[in-house]
Amino acid sequence: MRRPGSVNGGALLKCTPGFPPHAVVIPPRLMEKPDTADFSGHTPVMQQYLRFKVQHPDLLLFFRMGDFYELFFEDAERAARLLDITLTRRGQSNGQPIPMAGVPFHACEQYLARLVKQGVSVVICDQIGDPATSKGPVERAITRIVTPGTLTDSTLLDDRSDSLLAAAVRAKDRIGLAWLNLANGDLRITECAINAWPAQMERLRPAELLFPDDWQDAGAPRSCAVKRLAAWQFDAAAGQRRLTEHFGVRDLAGFGAGAADALALGAAGALIEYAGATQRQALAHVVALKIERDSEYLRLDGPTRRNLELTETLRGEAAPTLLSLIDLAATSMGTRWLRHVLHHPLADRQRAAARHDAIADLLAAGPAQVLDALSGLADLERITARVALKSARPRDLSALRDTMQRLPGIAAGLHAARPGAALLVELSEHMQLAPEVAPMLSAAIAPEPAQNLRDGGVMADGLDADLDELRALQAGCGSFLTELETRERARTGIANLRVEYNKVHGFFIEVTHANAGRVPDDYRRRQTLKNAERYITPELKAFEDRALSAQERAIARERQLWDELLERLAAYIPALQCAARALALLDGLAALAEAAQRYDWYRPQFGAAPGLEILRGRHPVVERQVENFVPNDLRLDATRRMLLITGPNMGGKSTYMRQAALIVLLAHCGSFVPADSALLGPFDALYTRIGASDDLASGRSTFMVEMTEAAAILNGAGPHSLVLMDEIGRGTSTFDGVALAHAIARHLLDKNRCYTLFATHYFELTQLAQSSLECANVHVSAVQHGRSVVFLHAIEEGPASQSYGIEVAALAGVPPAALREARRQLQALEARQVSDGIQADLFAPPPPPPEPPSHPVLDKLAELDVDDMSPRAALEALYALRHLLQAG
């Protein structure tokens, strides 16, 4: 990549004039007190750089110099490593070459995207002055700060998922949490117990987390960038003041906030201040505060979200997952809504039923028609945020114009379908809250605007008389140049004379060397080429000044009109946000309706009686991966709270359990479900303990992870919880594992009183059904054919007869020799069990102590009365006992 030898505003390095010959290492004292930093002795450009750098010592500083963003010293070395760009060394600092790296300004966004994905924050320092008129260094300023949690630019964001900025503060055993989606202005807070913190992080998965510097370890996800702030920034009273100032209200009671939310409000105050600082302005699109309560959604802990593979597989892949199956949305807004809904199943069954009503109406109208109508709509949600932050680009507004023009037709189509669902009627109304925006943008923005405002051609013709006049002057260039070229050819007699223009040299008259002798005296040489000379005349120079001045003035006028348009649009931000939410919800519901139609899903029903009854339920993802999926029924009620599921590996125990949980989750999301019918009693939480792996980073073995998850379930599950327990107790000795599995199952039955699907290979546990009327045995059916096994995948009543472990090992490809040895060992163990009697009941009461063994010597010894024996008689008795022992 070509490096600039000199740049606007003066050169920074010593190899070009102006770079200081001495060291430019920033002392720690300057980092601590940037306001008192003394940079005398440095060149003016370097003083600029150092002043910006000490304000942001931990962030990469992109320092605009001409056509490049430059980085220096440790920033350059770090950027070269992260971005795989060339690291150069120029000048001297403390006797050492100065590291330097840079990226072209026009390609800046792609490099920022790569840095953000790695969790790196960047400060952008731009030239805001005019290099042509600047005396000394051109004026520069921080224009934005790019961090993983404060992204709004479409090139930096993932269209399919949200990027959240979160802030948290801890007080004793409580945590106050706030999070902001800057790309749509959604600000929320909640408080939780310290033991619920990991589940909150798994639910939100923030891109960036702010927390006080006196909190040693906030336990942020590994993919989350963290930022420590001073503890005083999380002060509750200060946070409430910041929020009331931001919303322009006297207090926060109108948002439902009270004294009980003080901790979370402190976190929200720190978050709002941080986000505003990164954007260098107020957050005009953050217009409301939403307070989430624990009872608003079904509780899902981290292991449950992972085990059910809602939005990513256990391997961390995007498919096959539940989201990848139902994501039939036409817009990125709908996709993000579906992702959010899967992680936030509603506890309010009336709201879920309202979504069921809407899906039923969409099925009647044809979901494909709705999706077709939504296809091609712009990301209204994120464009609205960029309008509010004054960072929208010309094509954002043209896309906004085109989308707003289509909304009345979409709303009319919904109305024509005569929906009975109140939710669809509401969505139709919300789409039409800003009817003035479309005509406003149609009059202001060109049909096909330029990509960047600096290129001109953004504002529509007829919008402004002054702009039209300046454009007319530019448009007249062509006719003037044609006329001038004709006149000059006639005047000079040079037939191939040309009058042209380029951005580097402006307007010129080009004459070949062969005709150089015929050039008039008023021609002034502008450029020499290999085969021609380029000239300028007084007349052409005068026209050039007028034309170029008109172009510059036209672009300046467009900038002024653009800013005025954004100011006018600011009044419609709340209405545009409401329309965006309506579009996202409609798109998501239409996608769920299309999924129900495509995959043969049916509407679930909510009942008052506790329990769960599913007829011919299926696993929504697995059934799409196999040729013939076997549906199964399930019944849980007050008299049947636990199903002990036995059967072979690969038989479908885990699939059966997971499909039950997914049916409950989908129903509470407001979706139809993969079953012929499903009747759900009240549920408030889903818990799973399925599979396990070690956590080396935390120093936990597989068994420790398993027991930790089991402990969380035993401590959290209640009478309205659905719990899945898969083969608990495998990671230790057989007797320990059986004992633990029995104790956990008994605790779930007697103490938690929850609804439980408990899969196990410990046949001893099937005896629980004999001692507890609320426990029932079921098994996954299979038949043995020779030395192979055929899985029928059907759930039947009663315990399984055997596990078919060796047959499954054969299917897995275990060598025949090993299988033969396994069969010999199995026969030996079974024979020993038969010879020793039936297998002991591990949970039966202990047997009475055994009778002492009998022997003639012992019998004779017991008959002796040693108290009445003489020494001689005792000696004779001793000899007699020895003789008896030798004889026996």
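Arg299 stands opposite Ala685 in strand β23. That pairing comes from a predicted model.

- Ala685, Tyr687 and Arg689 point one way from β23.
- Leu686 and Thr688 point the other way, and these too are buried.
- In a regular strand, side chains alternate between the two faces of the sheet.
- Strand β13 (residues 299-300) runs parallel to β23, and 2 bridges join them.
- Strand β24 (residues 721-726) also pairs with β23 in the parallel sense, over 5 bridges.
- Within that pairing, Arg689 has Met725 of β24 as its bridge partner.

- Strands of a sheet pair through backbone hydrogen bonds, either parallel or antiparallel.
- Strands β7 (residues 165-171) and β10 (residues 208-212) run parallel and are joined by 3 bridges.
- Ala167 has Leu210 of β10 as its bridge partner.

**Leu204, in helix α5**
- Leu204 belongs to helix α5 (residues 197-204).
- Is Leu204 buried or exposed? It is buried, because its relative accessible area is 9% and the cut-off for buried is under 20%.
- Leaving aside neighbours within four places in sequence, Leu204 is in contact with Leu164, Leu177 and Trp179.
- Ser163 is 41 residues from Leu204 along the chain, yet their C-alpha atoms are separated by 9.5 Å.

**Helix α16 and its packing**
- Helix α16 (residues 437-444) packs with helix α19 (residues 538-570) at an angle of about 180 degrees.
- Their axes are 12 Å apart.
- On the α16 side, the contact is made by Val437, Met440, Leu441 and Ala444.
- On the α19 side, it is made by Leu565, Arg568 and Leu569.
- By class, this contact has 6 nonpolar, no polar and 1 charged residues.
- The buried residues of α16 are Val437, Ala438, Met440, Leu441 and Ala444.
- Seen down the axis of α16, these buried residues fall within an arc of 165 degrees, so they line one face of the helix.
- An α-helix has 3.6 residues a turn, so residues three or four places apart point the same way.
- The buried residues of α16 pack against α14 (394-416), α19 and α20 (573-599).

**Thr646, in strand β21**
- Thr646 lies in strand β21 (residues 642-646).
- It is buried, because its relative accessible area of 1% is under 20%.
- What does Thr646 touch? Not counting residues up to four places away in sequence, its contacts include Lys653, Thr760, Phe763 and Thr766.
- Also among them are Val778, His779, Val780, Pro799 and Ala800.

Conventions
Residues are numbered from 1 along each chain as its sequence is written. This is a predicted model: local features need pLDDT of at least 70, side-chain atom pairs count only at pLDDT 80 or more; totals for chains, interfaces and linings use all residues. Side-chain values use heavy atoms; hydrogens and water are left out. Axes are lines fitted to C-alpha atoms, for helices over the stretch in contact, and angles run from 0 to 180 degrees between N-to-C directions. Helices (H or I, at least four residues) and strands (E, at least two) are DSSP runs, numbered from the N terminus. Contact means heavy atoms within 4.5 Å. Ala, Val, Leu, Ile, Met, Phe, Trp, Tyr, Cys and Pro count as nonpolar, Asp, Glu, Lys and Arg as charged, and the others, Gly among them, as polar. Two strands pair if DSSP finds at least two bridges between them. Buried means under 20% relative accessible area, exposed over 50%, partly exposed in between (1.4 Å probe, protein chains only). The arc is that of the directions from the helix axis to the C-beta atoms.
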